[in-house]
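Subject: Handover of a structure

Dear colleague,

Please find below the structure that I am passing on to you. A written account of the findings follows it.

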Amino acid sequence: TGIATAYMDSIPVVILTGDISPSTMRDAALPSCVLLHKPTKLDELARVIRSLLPAPEASPPASAGTTAT
């Protein structure tokens, strides 16, 4: 559990469950956790996953007058 503890805040987690007990809600109340209840629409799950992923880096612009070989 040392590795899990070290990276707990930096690894996002999506918990998809049908359990609505207070203990599950309390366990999922971590900053890096998103709790979704079943049934969940695919659009909502995809939106949550996209929100947790880092933004893609922009590719550098092509230099003017340079051609690829």
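This is a predicted model: local features need pLDDT of at least 70, side-chain atom pairs count only at pLDDT 80 or more; totals for chains, interfaces and linings use all residues.

Which pattern does the chain follow, read along the sequence? The pattern is α-β-α-β-α, and the chain holds 3 helices and 2 strands. Helices (H or I, at least four residues) and strands (E, at least two) are DSSP runs, numbered from the N terminus.

Residues are numbered from 1 along each chain as its sequence is written, and side-chain values use heavy atoms, with hydrogens and water left out.

Confidence and surface

The predictor's confidence in each residue is given as pLDDT, on a scale from 0 to 100. The chain has a mean pLDDT of 81, and 75% of its residues reach 70 or more. Within the chain, confidence is lowest in helix 1, with a mean of 65, and highest in helix 3, at 95.

The accessible surface of the chain is about 5,900 Å², and carbon and sulfur atoms account for 62% of that surface. Such areas come from the Shrake-Rupley method with a 1.4 Å probe; for residues, only the protein chains shown count as cover. Of the chain's 69 residues, 10% count as buried. Buried means under 20% relative accessible area, exposed over 50%, and partly exposed in between (1.4 Å probe, protein chains only). As for contacts (heavy atoms within 4.5 Å), 20% of those between residues at least 6 apart in sequence join residues at least 24 apart.

The strands and the unit they form

Strand 1 (residues 13-17) pairs with strand 2 (residues 33-37) in the parallel sense, over 5 bridges. Two strands are said to pair if DSSP finds at least two bridges between them. Together with helix 2 (residues 22-27), the two strands make a right-handed β-α-β unit. Right-handed here means that, with the strands pointing away from the viewer, the path from the first strand over the helix to the second runs clockwise.

Leaving aside residues up to four places away in sequence, Thr17 touches Thr24, Leu35, Leu36, His37 and Lys38. Thr24 lies in helix 2 and is likewise buried, at 16% relative accessibility. With the same exclusion of residues up to four places away, Thr24 touches Thr17 and Asp19.

The loop between helix 2 and strand 2

Ala28 is found in this loop, and its relative accessible area of 7% makes it buried. Beyond residues up to four places away in sequence, Ala28 touches Ile15, Cys33 and Leu35. Ala28 and Val14 are 14 residues apart along the chain, with 9.2 Å between their C-alpha atoms. Leu30 has its place in the loop between helix 2 and strand 2 as well, but is partly exposed, with a relative accessible area of 37%. From Leu30 to Pro12 the C-alpha distance is 9.8 Å, across 18 residues of sequence.

Two prolines in other loops

Pro12 sits in the loop between helix 1 (2-7) and strand 1. Pro12 is partly exposed, since its relative accessibility is 38%. Apart from residues up to four places away in sequence, Pro12 touches Ser32 and Leu52. Pro12 and Pro31 are 19 residues apart in sequence, and their C-alpha atoms are 8.5 Å apart in space.

Pro39 is found in the loop between strand 2 and helix 3 (42-52). Which residue does a cis peptide bond join to Pro39? The residue is Lys38, and omega of this bond is about -5°. In general, most peptide bonds are trans.

With kind regards
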